[in-house]
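Let's take a friendly walk through the spaces inside this protein and the ligand that goes with them. Have the model open as you read.

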Amino acid sequence: MLQHLHPRLVCSSCKGALVQSEALLQCCSCNAVYTIDDTYVSMLDRREQVDRPSGWNRKEAEIRDYSEISQSLALSGIGRFATFLNYGYVPHGSEQHAVIEPGDAWNRNSIKLLLETVGRTVIRDRQVIDIGCGRGGNIAALSKYFKPLSIVGLDICPANIAYCNAKSRGGEFWYLVGDAENIPFADESFDVVLNIESAHAYPDRSRFYEEVHRIMRVGGVFLYTELMPGDQVAQNVRLLEEAGLSVIRDQDVTSNVLLSCDENAKQRTGTQGIASNVGAGTNIGDINDFIALPGSKKYEEMKAGTRQYRMMNLVKRS
Ligand SMILES: C[S@@+](CC[C@H](N)C(=O)[O-])C[C@H]1O[C@@H](n2cnc3c(N)ncnc32)[C@H](O)[C@@H]1O
């Protein structure tokens, strides 16, 4: 029965075996309970609310923000096309790593960000997981350009996973609600782990890196991008290496991301754009900063170099 959810699914908390009964999954070892409904399977262990309340509050805020974005996108009429939730990448004179060009695709800058992140990594016939998959744009593009054997999308926001499931055409694709710090898969389940613009929201970064290392096979590749304070880059690299992940590429692509923010601004502030439809009446606060519009604090910090957009490839050597 569990096969149709994913052959290597385990308890998010203790990694024990699961049993399925009707609309529930239960861990045989620690008794954690997970829910299955018509629109998504949730692998969030709600006991964390009690055991680690401060970390959970941060996660709850992410769920709330992205639920509001999802709702606003649906109401604006562009929800169907808004499959990416990232800043995107525009090339200039700097060195590029992508082996494929996206052409004039819709969401071109976001697809370019993915293709640059992938670089020369072999994806074909590999088992891939996208952690913090958002609305599934990266998964659709990976599938189109690289033909992996299978892909899992994991995201903490149920509205995002419900959206991905509604768009899914079946096949070797699974979308699950779950937490990057408590990944519900057995050790060595994946060849490639993708994480685009999501880890800044995780309260315990080391725990996430350890989880990535655990679920990867030896020789597997971690494709990772994140906007981080410039003075925390070295610390993040140290934490990654302590988790057993060796950096094989680490690029500062802030200038490419800023160019994309400039290009995106017109569309995002138009009548159907996210800046015009999200914010008022929601908890997100400064939507201009959330999406790094020119002039916003985040945009200016990127320009000044106090925040850097890093693009990394790492390998699990043992
Ligand atoms: C900026 S969006 C990026 C989405 C996607 N990677 C993309 O490129 O379009 C960040 C995503 O991370 C997800 N997220 C935040 N905290 C998470 C966590 N602890 N575990 C899993 N996903 C998380 C959010 O729900 C959101 O969908």
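## The shell around the ligand

By class, nine nonpolar, seven polar and four charged residues form the shell around the ligand. Here Ala, Val, Leu, Ile, Met, Phe, Trp, Tyr, Cys and Pro count as nonpolar, Asp, Glu, Lys and Arg as charged, and the others, Gly among them, as polar. Of the 20 residues around the ligand, Leu85, Asn86, Gly132, Asp155 and Ser198 come nearest; a residue is near if one of its heavy atoms lies within 4 Å of the molecule.

A note on the basis: this is a predicted model, in which local features need pLDDT of at least 70 and side-chain atom pairs count only at pLDDT 80 or more, while totals for chains, interfaces and linings use all residues. Residues are numbered from 1 along each chain as its sequence is written, and side-chain values use heavy atoms, with hydrogens and water left out.

## Polar contacts and burial

Look next at the polar contacts (pairs of N or O atoms within 3.5 Å). From the backbone, a polar atom of Ile196 lies 2.9 Å from a nitrogen atom of the ligand. The protein buries 98% of the 590 Å² that the ligand exposes when taken alone, with areas from the Shrake-Rupley method and a 1.4 Å probe.

## The largest cavity

Where does the ligand sit? The space it takes is the largest cavity, where sitting there asks for more than half of its atoms to lie within 2 Å of the grid points. On a 1 Å grid over the protein atoms alone, a cavity is a set of points where a 1.4 Å probe fits but cannot get out; a pocket is an open set with protein on both sides within 12 Å along at least five of seven lines, and lining residues have an atom within 4 Å of a point.

The volume of the largest cavity is about 340 Å³, as the space filled by probe spheres set on the points, which are joined across faces, edges and corners. Its lining has 28 residues, with Gly132, Gly134, Asp155, Glu197 and Ser198 nearest the centre. Helix α2 gives the largest share, three residues.

## The second largest pocket

The second largest pocket holds about 620 Å³ of space. Among its 24 lining residues, Thr83, Gly136, Ala140, Lys167 and Arg169 are closest to the centre. The most comes from α4, with seven residues; helices (H or I, at least four residues) and strands (E, at least two) are DSSP runs, numbered from the N terminus.

Note on methods: A polar contact is a pair of N or O atoms within 3.5 Å; within protein, one must be able to donate a hydrogen and the other to accept it, and residues adjacent in sequence count only if both atoms are side-chain atoms.
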